[in-house]
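Student: I am new to this one. Can we go through it in short steps?

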Amino acid sequence: MADDGPVEHGYPHLDTVRDAITALYKRLSYDTVQTFATSVAPVDVAFGDTDDLHLGAQRVAREMVRHYRLPDARPIISFREMTHAANVELTAGPEYFIELNDRFRTHRRDIGAALAHEVMHVYLHRLDLSFPGTRENEILTDTAATYLGAGWLLLDAYREDAASSQKLGYLTPEEFGYVLAKRALVFGEDPSVWFTSPQAYTAYVKGMAQARRDEQQPPLTAAGWAGRRRYAHDRRHAPGPGSPSGVPYAFSGDQGGSLRVSFPCPTCHQRIRVPVRGRVRARCSLCRTVLECDT
């Protein structure tokens, strides 16, 4: 939790974020991911200053449990002084003890954001899905919460001006925007209408631009002129020693001597391998995205 401290920007964790999206599709399946087409609604996590602190926090926690489809999980909420925004005790359940930072006593509108992250820890624990290393695992949790419809609250909790700053979660604002954009492109949902923070909207716009660039990499037909020219050059020299540097695709030969190219799916980032023979239509086996390619 960055509280009046420096807020990291950019995409320093982008590779881990992409790995997390792939891991979600592999662990959940395409059909299960599709059941999260509707995000948490603002009205369901609204928390007014006149609401009872503990009853209100329990209500929002139950909404997160409902959204993540954890009917036999019962979150128990408490508040205490701590460095981090929140903490959850992961056990066999069905009760899970979640501690929230004391600052949320007076910053109640951000309780939903903190609980979106902590209840996702419970969800991933139940799935037995984790990444090695604390930081990587927290990035997985942020990414999963956002991609499955609750993490827009984490981005909306980002506020920054000349005098103060606040950010929840391990992703940068632009990375949150990127994952939200990836979700929006899959489900046709526009989360920007829910933002109360203008800085969150700016981060989402930047994230969408980055997500769009994923769809414009060769050998996809939407690739720009410069990318197509570089691809044609690399194809002429393939399959030479090593892979072309600084590009997402790689060439290889098969047993019959034919040239093939592999590249990440722009939706789920699983690598796809297709023959190099001009126009090809490929279908990702993981997320079922149909891709128009010019190999």
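Student: At what angle do helix α5 and helix α7 pack?

Tutor: This is a predicted model. Two packed helices are described by the angle between their axes and the distance between the axes. Helix α5 covers residues 134–147 and helix α7 covers residues 173–187. Their axes are 9 Å apart, and the packing angle is about 35°.

Student: Which residues of α5 make the contact with α7?

Tutor: On the α7 side, the contact uses F176, V179, L180, K182, R183, V186 and F187. By class, the contact of α5 with α7 has six nonpolar, two polar and three charged residues. The α5 side is made by D142, T143, T146 and Y147.

Student: What is the handedness of the crossing of α1 and α7?

Tutor: Helix α1 spans residues 14–28, and its axis comes within 11 Å of the α7 axis. The two cross at roughly 35°. The crossing of α1 and α7 is right-handed.

Student: How many charged residues are in the contact of α1 with α7?

Tutor: From α1 come L14, V17, R18, I21 and Y25. They meet E175, Y178, V179, K182 and V186 in α7. The contact divides into seven nonpolar residues, no polar ones, and charged residues numbering three.

Student: Now the rings. The structure holds eight aromatic pairs. Why is the pair of F36 and Y123 edge-to-face?

Tutor: The ring centres of F36 and Y123 lie 6.2 Å apart. Planes over 60 degrees apart count as edge-to-face. The planes of F36 and Y123 stand at 80°, so the pair is edge-to-face.

Student: How many residues apart are F36 and Y123?

Tutor: F36 sits in the loop between α2 (30–34) and α3 (53–67). Y123 belongs to helix α4, residues 111–127. The pair links distant parts of the chain, and the separation is 87 residues.

Student: Which residue lies over the face of F36?

Tutor: F36 is buried, as is Y123. Ring pairs link F36, Y68 and Y123 into a cluster. At 4.3 Å from the ring centre of F36, over its face, lies R69.

Student: Which parts does the pair of Y231 and F251 tie together?

Tutor: This aromatic pair is tilted, with 5.3 Å centre to centre and 45° between the planes. Y231 and F251 are both buried. The two are 20 residues apart in sequence, so the pair ties together helix α9 (residues 225–236) and strand β7 (residues 250–253).

Student: Is A116 buried or exposed?

Tutor: A116 lies in helix α4. Leaving aside neighbours within four places in sequence, A116 is in contact with M64, Y68, A145 and A150. Its relative accessibility is 0%, and buried means under 20%. A116 counts as buried.

Student: Where does P219 lie?

Tutor: Most residues other than glycine have a negative phi, and most peptide bonds are trans. The peptide bond from P218 to P219 is cis, with omega near 15°. P219 lies in the loop between α8 (198–214) and α9.

Student: D128 has a positive phi of about 60° although it is not a glycine. Is D128 buried or exposed?

Tutor: D128 is in the loop between α4 and α5. Its relative accessibility is 68%, so D128 counts as exposed.

Student: What is the relative accessible area of H269?

Tutor: H269 is not a glycine, yet its phi is positive, about 70°. The residue is found in the loop between β8 (259–264) and β9 (271–275). H269 is buried, with a relative accessible area of 12%.

Terms used: Residues numbered from 1 in each chain as written. Predicted model: local features only at pLDDT ≥ 70, side-chain atom pairs only at ≥ 80, totals over all residues. Heavy atoms only, no water. Phe/Tyr/Trp six-rings, centres within 6.5 Å; stacked < 30°, edge-to-face > 60°. Helix = DSSP H or I, 4+ residues; strand = E, 2+ residues; numbered from the N terminus. Buried < 20%, exposed > 50% of the residue type's maximum accessible area, 1.4 Å probe, protein only. Lys NZ or Arg CZ within 6 Å of the ring centre and 35° of its normal. Axes fitted to C-alpha atoms, helices over the stretch in contact; angles between N-to-C directions. Contact = heavy atoms within 4.5 Å. Nonpolar A, V, L, I, M, F, W, Y, C, P; charged D, E, K, R; others polar. Left-handed = near helix turned anticlockwise from the far one by under 90°.
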